[in-house]
Amino acid sequence: MHEILTIQLGHRANYVATHFWNTQESYFTYDSTQASPVDHDVHFRPGIGARGEETYTPRTLIYDLKGGFGGLRKWGGLYDQQISGDGGVEQGKGVWDGNVVLHQDPGIEQSEFQRSLDEGVPSAQKLSTETVRYWSDFNRVFYHPRSIVQINDYELGSTLMPFEKWESGEELFASMDRDVDLLDRDVRVWAEECDQMQGIQVFTGGDDAWSAFAAKYVESLRDEFGKVSIWTWGFEEEQGKGQKAKQLLRTVNAARMISEMSTHASMYIPLSIPSTQLPQYVHFDRTSQWHTSALLSAALESITLPTRLRHDTQKRGFLDNLEGALNVHGNHRIAQLRCSMLDPETAPLVIATTNGTTDDRAPSANNGTLVEEDGLKLAEPRLDMDLSCCNARSPSPFATQHDVSDHVFGVVETTRTKVEAARDEEAEEGEITYARKRRRFAGLPVIERYHSSLECPILDSFPPILSFSPGLTQVAVHTSLSTTSGISNRVKALQRVVSRMANLDERETLSNGLGQISEAYENGWHSGSDESDD
């Protein structure tokens, strides 16, 4: 079934992941005559609930600090705390047969939105920045009890013990893994349920203590699952936000994260909200994680859509296919994400191929995609939001300007519009492989294009941040994930900060590691060929 296991690390990541799961839930169809274009078995798993009914819950692990889950109950409506027919454990006294006195912190009250969902009635109160206090306040899905992993060593929002330093994340992972093997307890049971797991996607904070926790976690995953694709999405704070000391701390954390992920992750995509002016159709509160995470999730969910499409509706692109198009030379594991959203009522016609093949042809002029043919310079894509930290345009001293002359190594594009696509005959796999090799040897970027008529849904849990037609329930989305020489500028900027601000005992090692990563995005393309690197 080519399953994907999701691991969510931290409060910021859980906001993005909640939007992601709400979107996946919206793809379910309950009419036997209408099949969903999405293969739900990729991200969801069947089970048996407490009362013997069949369940279908996300294949995910959710880690958060004490107080981070809000009003979410671990033993929700599908499973009972005492009787769990699918992997739950009966909560008894164990070896102790004496009296037990239970001291319990006061619970966090469920949001009105959650109570209405549980009762199956429309919510009388619309979600707003005032009513969304936690990511669970706008959650629309049930989770398996095994998915919920609360960490009690730290408390969300604590000023006495903030979970911000890299060392805090490393120590937390080491202590938890020492007490109980995390992979054996949390991951193995999910992996053993999969028939043919195509990969693991990790959502994590990219510049706080969760980045260190994620680095150790991904390192352990790589040791356990050597050949499985591991995609990590690191969500960073907006550039230039907060006190200067905290900005420096986050920058050093982001540098260490890139250094670690370039070794252990298959692909690492650092994301943040641009600090510059956004397109006119985007209006949100930058202080609201509910708002900012919705924008990031829409782009992330769109670019990964090919990994869960059914074979009989669209050509499917597995994680390793996407990885092969991006990591062209084997040492390009950092990618950048761009996105555009369009009102489907006024969106221009997009002509796209349906087979998602890699070829040498430039797309139609109104496609607005990356183009390079016969060695010509790559055209700038008409994508109006750069969500990548690698090219963040910001007055921050750590940000770099994006150069339109950047060399592009590989591109994966996804277009979601309800238009008639220009259908090409299905190319043989051998032809696709040959075309990709030909482009590599010619110094041309490898391009994977996917088109789907399944537009991005706008749910009642999605914040009103898009000023399109009133009552709009879907939007057209164009996304591009690429590896370019411009990434070296971001890495060099981080290297300069690290050389001054990192701890003395790691400064040289970290700086040299970042230098090697930067060189990987510079060498091998100036001459128009990568033969010297083979």
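This report walks through the fold, core, salt bridges and confidence of a predicted model.

## The overall picture

The protein has 534 residues, and 57% of them count as buried. Its secondary structure comes to eleven helices and 14 strands. Among contacts between residues at least 6 apart in sequence, 80% join residues at least 24 apart.

The average pLDDT for the protein is 81, and 77% of the residues score at least 70. Strand β1 (residues 4–9) has the highest confidence, at 98, while helix α9 (residues 429–441) has the lowest, with a mean of 60.

Two stretches deserve a careful eye. Over residues 349–381 the pLDDT stays under 50, although the model has 92 contacts beyond four places in sequence for this stretch. Residues 527–534 also stay under 50, with twelve such contacts in the model. Where pLDDT is low, the predicted coordinates should not be read in detail.

## The nonpolar core

The largest nonpolar core holds 116 residues, and the members that touch the most others are I7, Y63, Y217, L221, W233 and M341. Helix α5 (residues 209–224) gives the most to this core, contributing nine residues. Another core, of five residues, lies apart from it; Y27, V38, L309 and L454 are among its members.

Leaving out residues up to four places away in sequence, Y217 touches I7, L9, L61, Y63, F173, L182, L183, D186 and V187.

## Salt bridges

Side chains of opposite charge can pair when their charged atoms come close. In this model the count comes to 25 salt bridges. One of them joins E25 and R140, whose closest N and O atoms are 3.6 Å apart. E25 sits in helix α1 (residues 11–26) and R140 in the loop between α2 (112–119) and β5 (148–155), so this bridge ties together parts that are 115 residues apart in sequence. E25 is partly exposed, with a relative accessibility of 21%, and R140 is partly exposed too, at 25%.

E236 and R490 make another bridge, with their closest N and O atoms 3.0 Å apart. This pair links distant parts of the chain, 254 residues apart: E236 is in the loop between β7 (229–235) and α6 (244–264), and R490 is in helix α10 (residues 487–501). Both ends are buried: E236 has a relative accessibility of 8%, and R490 has 3%. Elsewhere, salt bridges with shared partners join R12, D207, D208, E237 and R250 into one network. E109 and R115 also meet through their side chains, at 3.3 Å from N to O. In that pair E109 is exposed, with 57% relative accessibility, whereas R115 is partly exposed, at 28%.

## Helix α10 and its surroundings

R490 brings us to its helix. α10 has 15 residues and spans 21 Å from its first C-alpha to its last, close to the 21 Å expected at 1.5 Å a residue. Its buried residues are I487, S488, R490, V491, A493, L494, Q495, V497 and V498. These buried residues pack against α6, β9 (336–342), β14 (474–484) and α11 (504–520).

E301 is found in helix α7 (residues 289–303). Is E301 buried or exposed? With 1% relative accessibility, E301 falls below the 20% cut-off, so it counts as buried. Setting aside neighbours within four places in sequence, E301 is in contact with F20, T23, Q24, Y27, R308 and R416.

## A hairpin to look at

Strand β2 (residues 44–48) and strand β3 (residues 54–58) run antiparallel and are joined by five bridges. Within this pairing, F44 stands opposite P58 of β3. The two strands form a hairpin with five residues between them, and G52 in the turn has a positive phi of about 85°. For a closer look at strands like these, keep one rule in mind: in a regular strand the side chains alternate between the two faces of the sheet.

Conventions
Residues are numbered from 1 along each chain as its sequence is written. Side-chain values use heavy atoms; hydrogens and water are left out. A nonpolar core is a set of buried Ala, Val, Leu, Ile, Met, Phe, Trp, Tyr and Cys residues joined through side-chain atoms within 4.5 Å. Buried means under 20% relative accessible area, exposed over 50%, partly exposed in between (1.4 Å probe, protein chains only). Helices (H or I, at least four residues) and strands (E, at least two) are DSSP runs, numbered from the N terminus. Contact means heavy atoms within 4.5 Å. A salt bridge is a side-chain nitrogen of Lys or Arg within 4 Å of a carboxyl oxygen of Asp or Glu. Two strands pair if DSSP finds at least two bridges between them. The expected span of a helix is 1.5 Å times one less than its number of residues. pLDDT is the predictor's confidence in each residue, from 0 to 100.
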